[in-house]
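Today I am opening a new notebook page on charged side chains. Come along while I look up who pairs with whom.

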Amino acid sequence: MEMQTDFLKLETHELNTIHQELLGKYNEYKSMNLKLDMSRGKPCPEQLELSMEMLDILKSDESLKAADGTDYRNYGGVDGIPEAKELFAQMLGVSPKEIIIGGNSSLNMMYDTLTRAMLLGVGAGELPWGKLPKVKFLCPSPGYDRHFAICEQLNIEMITIDMNPDGPDMDTVEALVKEDDSIKGIWCVPKYSNPEGTTYSDKVVDRLAGMETKARDFRIIWDDAYTVHHLSDTPDQLKNILTACKTAGNPNRVYIFISTSKITFPGSGVAMLASSEENINFIRKQLGVQTIGPDKINQLRHVRFLPSPEHLKAHMQKQAAIIKPKFDLVLQQLEAELGGKQIAEWSKPNGGYFISLNTLDHCAKEVVSMAAGLGVTLTNAGATYPYGKDPRDRNIRIAPTFPSIHELQLAIEVVCICVQITSIKKILADRK
């Protein structure tokens with residue numbers, strides 16, 4: 001089969017011939033009884049090994065105490081230990097007074113933050129969102145399915161916003177928030193976004209920070225999950241959103257979330273929330289009722305393991321050395337099998353955990369289903385859009401990190417075969 005052939009320009013009999021060849025390959029893979037999972041962005045075992053030293057880094061009673069003698073084995077510290085605030089404030093470019101260090105999950109902190117907003121509001125004098133007739137959120141898409149699941153569970157109506165190469169379609173965002181006070185927030189994965197790998201431009205950050213909103217209590221949920229997850233020595237640069245909000249006169253507009261889940265141990269990391277001092281003080285009072293305090297020993301363990309930004313950078317370079325070859329493999333395979341055929345396009349991220357693959361319209365669900373038939377599990381088609389509905393049924397999220405190189409090679413070969421078979425069927429159907 002000749003590579004780099006534009007399928008849209010081939011004669012029907014040529015497409016039928018290629019289709020038969022591809023079906024033969026499909027059946028060959030069927031006989032292999034594969035069981036490969038690329039459905040979620042999970043670190044691989046080699047990545048987890050990098051943090052094993054952390055598990056025995058605290059070895060005595062004395063090592064469990066703060067510089068001022070505070071015993072971290074006991075109650076207290078509802079907003080996190082000072083050492084963790086110092087370290088992670090540097091990573092986020094905020095003051096230690098503008099950060100809360102929480103438990104093991106930033107998703108949990110986001111869920112709690114929105115739940116408290118529904119029950120208690122987001123600031124003094126503001127009505128709880130749950131007492132309003134309707135609450136809406138803007139959802140740049142493709143985006144993170146778990147963000148959308150939170151909105152669904154809390155009965156927050158979602159509005160899909162298209163993603164541009166430099167971030168959300170800000171013309172649409174600005175027009176909507178200016179006229180509708182029921183729009184209370186926007187989800188953002190601003191750096192190496194899930195799944196496209198997009199980093200918001202300075203202009204987009206400034207527009208988000210400064211735009212006129214009809215709702216006084218509008219909030220940006222800034223999920224900066226991949227801020228240190230670079231794949232190259234020339235990482236993307238993201239403008240500081242909290243600084244931009246202060247400059248624009250909207251210091252309380254943003255909540256920044258991050259965790260070490262993909263830095264150390266998923267499910268056993270440290271999560272954090274940064275915002276204005278006013279917001280942090282408001283939330284700290286609520287946390288005093290919600291919890292006696294987070295796992296301070298785990299926070300201390302992380303600080304001892306990654307005591308400075310330089311240590312963190314060195315650790316993340318080791319992470320990148322493990323996963324970059326996997327991203328390279330996927331991109332090379334996509335180009336070799338699908339390049340020039342005009343049936344798919346894909347992102348080439350500079351960091352993060354995903355590659356976004358767009359098929360021809362109305363093909364993604366069938367591709368995912370066909371791959372599953374060969375034992376390759378992908379994220380459900382539509383999952384990257386609110387309510388699980390991709391209006392064009394074309395986006396597929398590829399998560400290269402967890403499989404071995406060998407497994408990844410097989411999985412991407414399967415995906416490419418399924419994309420080609422599905423595309424030919426659609427092209428031929430459109431000609432009838």
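**Salt bridges, looked up one by one**

I started with K134, which makes a salt bridge to E157, with 3.4 Å between the closest N and O atoms. K134 sits in the loop between α4 (106-120) and β3 (136-141), while E157 belongs to strand β4 (residues 157-164), so this pair ties together parts 23 residues apart in sequence. I noted that the model is a predicted one.

Next I asked myself: is K134 buried, exposed or partly exposed? K134 counts as partly exposed, at 43% relative accessibility.

Then I turned to R207, which forms a salt bridge with D171; their closest N and O atoms are 2.7 Å apart. R207 lies in helix α7 (residues 202-210) and D171 in helix α6 (residues 170-179), so here the pair ties together parts 36 residues apart in sequence. I found R207 partly exposed at 22%, whereas D171 counts as exposed at 54%. The cut-off I needed here is that exposed means over 50%.

D430 is exposed, with a relative accessible area of 52%.

I also looked for shared partners: salt bridges join R40, D145 and R397 into one network.

Last, how many salt bridges does the structure hold? I wrote down 18.

Key:
Residues are numbered from 1 along each chain as its sequence is written. This is a predicted model: local features need pLDDT of at least 70, side-chain atom pairs count only at pLDDT 80 or more; totals for chains, interfaces and linings use all residues. Side-chain values use heavy atoms; hydrogens and water are left out. A salt bridge is a side-chain nitrogen of Lys or Arg within 4 Å of a carboxyl oxygen of Asp or Glu. Helices (H or I, at least four residues) and strands (E, at least two) are DSSP runs, numbered from the N terminus. Buried means under 20% relative accessible area, exposed over 50%, partly exposed in between (1.4 Å probe, protein chains only).
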